[in-house]
Amino acid sequence: MVKMSQVIRMTKDFFQEQYRFWPSSIGICHVRSAGHYIVHPGFRGVPMKKDFFELFWSIRGCGYFKLKDEICALPEGKIFCYFPGDYHDVFAGEERWEYYWMTMDGGGLSLLVERFGFCHEGQEAGS
């Protein structure tokens, strides 16, 4: 059985966060972490190059992702992915934004990404 730790942190000035960390491999890839954020206007994550896959699912409001020299908007109901080696730069616009995220790595990640058809463009999340 996989043990799961959970940390919940809330600050009224910036954002609300719910975070889960899974410390072991599950299936073909390793789920590193997952979370649910509600961020206020002006939020910006710490921009940095990361060596893992990250999936974002916007559920309320609109978030933005910088990818090279382009800004990609992510309205509610859409997903966006950063791939290992990408420079991750995530931020909110002028409205509150709520989203889920999940990070993964491992030997089977490329197969999972290919089978689900993940790409850098915003895609419909579906039901």
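Modeller: Start with a definition: a salt bridge is a side-chain nitrogen of Lys or Arg within 4 Å of a carboxyl oxygen of Asp or Glu. Keep in mind that this is a predicted model.

Biologist: How many salt bridges does a search of the whole structure find?

Modeller: The search finds four.

Biologist: Why do Asp 105 and Arg 32 count as a salt bridge?

Modeller: Their closest N and O atoms are 3.1 Å apart. The cut-off is 4 Å. So the pair of Asp 105 and Arg 32 qualifies as a salt bridge. Asp 105 lies in strand β11 and Arg 32 in strand β3, so the pair ties together parts that are 73 residues apart in sequence.

Biologist: What makes Asp 105 buried, and what makes Arg 32 partly exposed?

Modeller: Buried means under 20% relative accessible area, and partly exposed lies between that and 50%. Asp 105 has 19%, so Asp 105 is buried. Arg 32 has 27%, so Arg 32 is partly exposed.

Biologist: What makes Lys 50 and Glu 54 a salt bridge?

Modeller: The closest N and O atoms of Lys 50 and Glu 54 are 3.9 Å apart. That is within 4 Å, so the label holds.

Biologist: How do you know that Glu 54 is buried?

Modeller: The relative accessible area of Glu 54 is 7%. That is under 20%, so Glu 54 is buried. Glu 54 lies in strand β5. Residues that Glu 54 touches include Phe 80, Tyr 82, His 88 and Trp 101.

Biologist: Why is the link between the side chains of Glu 54 and His 88 called a polar contact?

Modeller: The distance between the two side chains is 2.6 Å. A polar contact needs N or O atoms within 3.5 Å, one able to donate a hydrogen and the other to accept it. The pair of Glu 54 and His 88 therefore counts as a polar contact.

Biologist: What makes Glu 98 and Arg 60 a salt bridge?

Modeller: N to O, the value for Glu 98 and Arg 60 is 2.8 Å. That is within 4 Å, so they form a salt bridge. Glu 98 is in strand β11 and Arg 60 in strand β5, 38 residues apart. Glu 98 has 12% relative accessibility, so it counts as buried. Arg 60 has 49%, so it counts as partly exposed.

Biologist: Where is Asp 86 placed, and is Asp 86 buried or exposed?

Modeller: Asp 86 is in the loop between β8 and β9. With a relative accessible area of 14%, Asp 86 is buried. A polar atom of its side chain lies 2.7 Å from the backbone nitrogen of Phe 83. The C-alpha atoms of Asp 86 and Lys 50 are separated by 6.2 Å, though these residues are 36 apart along the chain.

Biologist: Which residues touch the most other members of the largest nonpolar core?

Modeller: They are Phe 56, Phe 65, Trp 97 and Tyr 99, in a core of 15 residues. The largest share of this core, three residues, comes from β11. Tyr 99 is also in contact with residues including Gly 35, Phe 43, Phe 56 and Val 90. A second, separate core of eleven residues includes Leu 55, Cys 81, Phe 83 and Met 104.

Note on methods:
Residues are numbered from 1 along each chain as its sequence is written. This is a predicted model: local features need pLDDT of at least 70, side-chain atom pairs count only at pLDDT 80 or more; totals for chains, interfaces and linings use all residues. Side-chain values use heavy atoms; hydrogens and water are left out. Helices (H or I, at least four residues) and strands (E, at least two) are DSSP runs, numbered from the N terminus. Buried means under 20% relative accessible area, exposed over 50%, partly exposed in between (1.4 Å probe, protein chains only). Contact means heavy atoms within 4.5 Å. A nonpolar core is a set of buried Ala, Val, Leu, Ile, Met, Phe, Trp, Tyr and Cys residues joined through side-chain atoms within 4.5 Å. Lists of a residue's contacts leave out its neighbours within four places in sequence.
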